Amino acid sequence: EDEKRAEMSVACSSASRFRERGKSETVLLKVVTGGEQSVERRCEDFVWLCEMLSLRYPGVVLPPAPCAEGPKFPSARSGELGAYLERCRACGDKFVKRLVSLSAEVTSNECVVAFLYAADDVFRRETPRLEAEASGEASVQLRRAVGATMGPENWVRKLSQLAAPKAAGRR
(Lines give C-alpha, C1' and ligand atoms only; values in the text may rest on other atoms or scores of the structure.)
Protein backbone atom coordinates (compact mmCIF):
# COMPACT_ATOMS: atom_id res chain seq x y z
CA GLU A 1 0.00 0.00 0.00
CA ASP A 2 2.89 2.38 0.72
CA GLU A 3 4.27 1.59 -2.75
CA LYS A 4 0.95 2.63 -4.31
CA ARG A 5 1.09 5.96 -2.48
CA ALA A 6 4.71 6.49 -3.54
CA GLU A 7 3.73 5.88 -7.17
CA MET A 8 0.69 8.13 -7.04
CA SER A 9 1.21 11.30 -8.94
CA VAL A 10 -0.91 14.29 -8.11
CA ALA A 11 -0.53 17.91 -9.10
CA CYS A 12 -2.32 21.20 -9.49
CA SER A 13 -1.86 21.90 -13.16
CA SER A 14 -3.59 25.26 -13.46
CA ALA A 15 -5.42 28.02 -11.62
CA SER A 16 -8.04 30.41 -12.89
CA ARG A 17 -10.33 33.14 -11.63
CA PHE A 18 -13.87 31.86 -11.18
CA ARG A 19 -17.21 33.37 -10.25
CA GLU A 20 -20.23 31.19 -9.64
CA ARG A 21 -23.60 32.79 -10.09
CA GLY A 22 -24.57 34.79 -7.01
CA LYS A 23 -21.27 34.14 -5.21
CA SER A 24 -18.01 36.01 -4.83
CA GLU A 25 -14.99 35.34 -7.00
CA THR A 26 -12.63 32.54 -6.08
CA VAL A 27 -9.68 30.66 -7.49
CA LEU A 28 -10.40 27.41 -9.28
CA LEU A 29 -7.54 24.88 -9.23
CA LYS A 30 -7.29 21.91 -11.56
CA VAL A 31 -6.12 18.85 -9.60
CA VAL A 32 -4.74 16.03 -11.75
CA THR A 33 -4.34 12.55 -10.26
CA GLY A 34 -2.35 9.79 -11.90
CA GLY A 35 -1.82 11.96 -14.96
CA GLU A 36 -5.21 10.81 -16.24
CA GLN A 37 -8.09 12.16 -14.18
CA SER A 38 -8.64 15.77 -13.27
CA VAL A 39 -11.10 17.62 -11.08
CA GLU A 40 -11.57 21.30 -10.44
CA ARG A 41 -11.57 22.48 -6.84
CA ARG A 42 -12.14 25.93 -5.42
CA CYS A 43 -9.77 27.30 -2.79
CA GLU A 44 -12.66 26.90 -0.33
CA ASP A 45 -12.62 23.15 -1.06
CA PHE A 46 -9.00 22.93 0.11
CA VAL A 47 -9.96 24.76 3.31
CA TRP A 48 -12.94 22.41 3.73
CA LEU A 49 -10.69 19.36 3.38
CA CYS A 50 -8.28 20.74 6.01
CA GLU A 51 -11.19 21.25 8.40
CA MET A 52 -12.55 17.75 7.83
CA LEU A 53 -9.14 16.12 8.30
CA SER A 54 -8.45 18.21 11.41
CA LEU A 55 -11.66 16.88 12.94
CA ARG A 56 -10.81 13.30 12.10
CA TYR A 57 -7.02 13.37 12.65
CA PRO A 58 -6.27 16.15 15.17
CA GLY A 59 -2.56 15.30 15.45
CA VAL A 60 -1.79 15.32 11.72
CA VAL A 61 0.11 18.36 10.49
CA LEU A 62 -1.47 19.54 7.27
CA PRO A 63 0.03 22.04 4.86
CA PRO A 64 -1.76 25.36 4.60
CA ALA A 65 -4.63 25.42 2.13
CA PRO A 66 -4.20 27.76 -0.81
CA CYS A 67 -6.06 31.04 -0.25
CA ALA A 68 -7.02 29.93 3.26
CA GLU A 69 -7.85 33.54 4.11
CA GLY A 70 -9.93 33.86 0.94
CA PRO A 71 -8.72 34.91 -2.49
CA LYS A 72 -7.27 38.41 -2.70
CA PHE A 73 -7.14 39.21 -6.38
CA PRO A 74 -4.85 42.02 -7.52
CA SER A 75 -6.51 44.78 -9.51
CA ALA A 76 -6.96 44.00 -13.18
CA ARG A 77 -4.84 47.03 -14.11
CA SER A 78 -1.84 45.92 -12.06
CA GLY A 79 -0.99 43.09 -14.45
CA GLU A 80 -0.27 40.82 -11.49
CA LEU A 81 -3.20 38.43 -11.89
CA GLY A 82 -1.09 35.82 -13.70
CA ALA A 83 1.56 35.83 -10.98
CA TYR A 84 -1.11 35.66 -8.26
CA LEU A 85 -2.82 32.67 -9.90
CA GLU A 86 0.56 30.94 -10.31
CA ARG A 87 1.25 31.38 -6.58
CA CYS A 88 -2.18 29.84 -5.82
CA ARG A 89 -1.44 26.95 -8.19
CA ALA A 90 1.97 26.35 -6.59
CA CYS A 91 0.45 26.42 -3.10
CA GLY A 92 -2.29 23.99 -4.22
CA ASP A 93 0.35 21.75 -5.78
CA LYS A 94 2.35 21.69 -2.54
CA PHE A 95 -0.84 20.91 -0.61
CA VAL A 96 -1.92 17.91 -2.74
CA LYS A 97 1.61 16.48 -2.87
CA ARG A 98 1.86 16.70 0.93
CA LEU A 99 -1.65 15.27 1.26
CA VAL A 100 -0.82 12.06 -0.65
CA SER A 101 2.40 11.65 1.35
CA LEU A 102 0.42 11.28 4.59
CA SER A 103 -0.40 7.89 6.11
CA ALA A 104 -2.60 5.40 4.26
CA GLU A 105 -5.26 5.92 6.91
CA VAL A 106 -5.49 9.61 6.04
CA THR A 107 -5.20 9.25 2.27
CA SER A 108 -7.92 6.60 2.17
CA ASN A 109 -10.31 8.83 4.16
CA GLU A 110 -13.57 9.35 2.29
CA CYS A 111 -13.12 13.14 2.27
CA VAL A 112 -9.69 12.83 0.63
CA VAL A 113 -10.96 10.34 -1.94
CA ALA A 114 -13.92 12.59 -2.79
CA PHE A 115 -11.64 15.63 -3.00
CA LEU A 116 -9.18 13.96 -5.38
CA TYR A 117 -11.50 11.86 -7.52
CA ALA A 118 -15.19 12.80 -7.37
CA ALA A 119 -16.65 14.65 -10.32
CA ASP A 120 -17.31 18.27 -9.44
CA ASP A 121 -21.10 17.92 -9.19
CA VAL A 122 -20.80 14.75 -7.08
CA PHE A 123 -18.27 16.46 -4.80
CA ARG A 124 -20.63 19.43 -4.24
CA ARG A 125 -23.52 17.06 -3.52
CA GLU A 126 -21.51 14.86 -1.10
CA THR A 127 -19.79 17.53 1.02
CA PRO A 128 -22.75 18.09 3.39
CA ARG A 129 -22.96 14.35 4.13
CA LEU A 130 -19.20 14.11 4.65
CA GLU A 131 -19.31 17.12 6.98
CA ALA A 132 -22.09 15.57 9.05
CA GLU A 133 -20.18 12.30 9.33
CA ALA A 134 -16.92 14.06 10.25
CA SER A 135 -18.68 16.16 12.90
CA GLY A 136 -20.40 13.10 14.30
CA GLU A 137 -17.13 11.22 14.34
CA ALA A 138 -15.44 14.10 16.17
CA SER A 139 -18.29 14.09 18.66
CA VAL A 140 -17.79 10.36 19.27
CA GLN A 141 -14.04 10.91 19.74
CA LEU A 142 -14.71 13.76 22.16
CA ARG A 143 -17.15 11.63 24.16
CA ARG A 144 -14.56 8.87 24.34
CA ALA A 145 -11.78 11.23 25.41
CA VAL A 146 -13.84 13.01 28.04
CA GLY A 147 -15.46 9.77 29.19
CA ALA A 148 -12.06 8.13 29.56
CA THR A 149 -10.85 10.83 31.92
CA MET A 150 -13.97 11.50 33.97
CA GLY A 151 -16.49 8.72 33.50
CA PRO A 152 -19.20 8.60 30.83
CA GLU A 153 -21.99 9.69 33.17
CA ASN A 154 -20.44 13.14 33.76
CA TRP A 155 -19.21 14.17 30.33
CA VAL A 156 -22.46 15.84 29.16
CA ARG A 157 -22.64 17.94 32.32
CA LYS A 158 -18.97 18.95 31.99
CA LEU A 159 -19.40 19.94 28.32
CA SER A 160 -22.42 22.10 29.21
CA GLN A 161 -20.40 23.81 31.93
CA LEU A 162 -17.60 24.50 29.45
CA ALA A 163 -20.06 25.88 26.91
CA ALA A 164 -21.97 28.04 29.43
CA PRO A 165 -19.36 30.86 29.69
CA LYS A 166 -19.15 31.10 25.90
CA ALA A 167 -22.92 31.34 25.57
CA ALA A 168 -23.09 33.97 28.30
CA GLY A 169 -20.39 36.03 26.56
CA ARG A 170 -22.42 36.19 23.33
CA ARG A 171 -25.39 37.97 24.92
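Within strand S2, Glu-25 is the bridge partner of Arg-19. The model is a predicted one, in which local features need pLDDT of at least 70 and side-chain atom pairs pLDDT 80 or more, while totals for chains, interfaces and linings use all residues. Residues are numbered from 1 along each chain as its sequence is written, and side-chain values use heavy atoms, with hydrogens and water left out.

Strands S1 and S2 (residues 25-33) run antiparallel and are joined by nine bridges; strands here are DSSP E runs of at least two residues, and helices H or I runs of at least four, numbered from the N terminus. Pairing requires at least two DSSP bridges between two strands. The open sheet has three strands, ordered S1-S2-S3, with antiparallel pairing. S1 (10-19) and S3 (37-42) are the edge strands, each with a single partner, so one side of each has no neighbour in the sheet. On average, neighbouring strands are turned by 25 degrees against each other, direction ignored (axes are lines fitted to C-alpha atoms, for helices over the stretch in contact; angles between N-to-C directions run from 0 to 180 degrees).

Now to the helices. Helix H2 (residues 43-56) packs on the sheet and touches S1, S2 and S3, its direction making about 90 degrees with that of S3; contact means heavy atoms within 4.5 Å. Helix H3 (residues 81-100) lies across S1 and S2, at about 140 degrees to S1.

Leaving aside neighbours within four places in sequence, Leu-49 contacts Phe-95, Leu-99, Cys-111, Val-112 and Phe-115.
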